[in-house]
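Please look over the sequence and the model below before reading on.

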Amino acid sequence: MNKTWSKSMPAVQFRVARPTHQLQKIVEFYSVGLGLEVVGSFENHNGYDGVMIGLPDVHYHLEFTQEVHAVSVPPPSSDNLLVFYIPDVQERDDIVSRLVTMGYPIVEPENPYWQQNGITICDPDGWRIVLQNTTGLS
């Protein structure tokens, strides 16, 4: 790869943010269902409520916001994914069982690659997550 910029990214934190119209269900799905931690939240900030959810002791997380007059936000295509790499298959399967019990069924991924070691589930807004049984990037 031809590197044209010599400095590294100076950011100290990374956040992926998206809107929702059902903030409580999203919090339940990602914290109770997946087991992620609520790392921050806010209420009525310029007409928005929000929650930040992530892994403990890291500098990246998800943010979900809900505008006071929130309306349904359509999900992206079924190939837009949030992938969690879980090395222990039993721990992965325990999470899947918990989510299915909560009413979130397994769905077939658009890309067959994710069926090899992964299980795909939609969150309350229809965004897809993959629980991948690998160690991730090496």
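## The largest pocket

The lining of the largest pocket is made up of 10 nonpolar residues, two polar ones and no charged ones, where Ala, Val, Leu, Ile, Met, Phe, Trp, Tyr, Cys and Pro count as nonpolar, Asp, Glu, Lys and Arg as charged, and the others, Gly among them, as polar. This is a predicted model, in which local features need pLDDT of at least 70 and side-chain atom pairs count only at pLDDT 80 or more, while totals for chains, interfaces and linings use all residues. Residues are numbered from 1 along each chain as its sequence is written, and side-chain values use heavy atoms, with hydrogens and water left out.

The volume of this largest pocket is about 240 Å³, and among its lining residues are Phe-14, Leu-36, Gly-54, Tyr-60, His-61 and Phe-84. A pocket here is an open set of points on a 1 Å grid over the protein atoms alone, where a 1.4 Å probe fits, with protein on both sides within 12 Å along at least five of seven lines, and lining residues have an atom within 4 Å of a point. A volume is the space filled by probe spheres set on the points, which are joined across faces, edges and corners. At least two lining residues come from each of β1 (14–19), β3 (48–54), β4 (60–67) and β5 (81–85), strands being DSSP E runs of at least two residues and helices H or I runs of at least four, numbered from the N terminus.

## The second largest pocket

The second largest pocket has a volume of about 190 Å³, and its lining includes Arg-18, Tyr-30, Glu-63, Asn-80, Trp-127 and Arg-128. Two or more of the lining residues are given by each of β1, β4 and β5. By class, this lining holds eight nonpolar, one polar and three charged residues.

## The sheet

Four strands form an open sheet of mixed pairing, in the order β1-β4-β3-β2, two strands being paired if DSSP finds at least two bridges between them. Because β1 and β2 (37–45) stand at the edges with a single partner strand each, one side of each has no neighbour in the sheet.

β1 and β4 are parallel and share six bridges, with Arg-18 opposite Phe-64 in β4. β3 and β4 run antiparallel and are joined by seven bridges, and Met-52 stands opposite Glu-63 in β4. β2 and β3 also pair in the antiparallel sense, over six bridges, and His-45 has Tyr-48 in β3 as its bridge partner.
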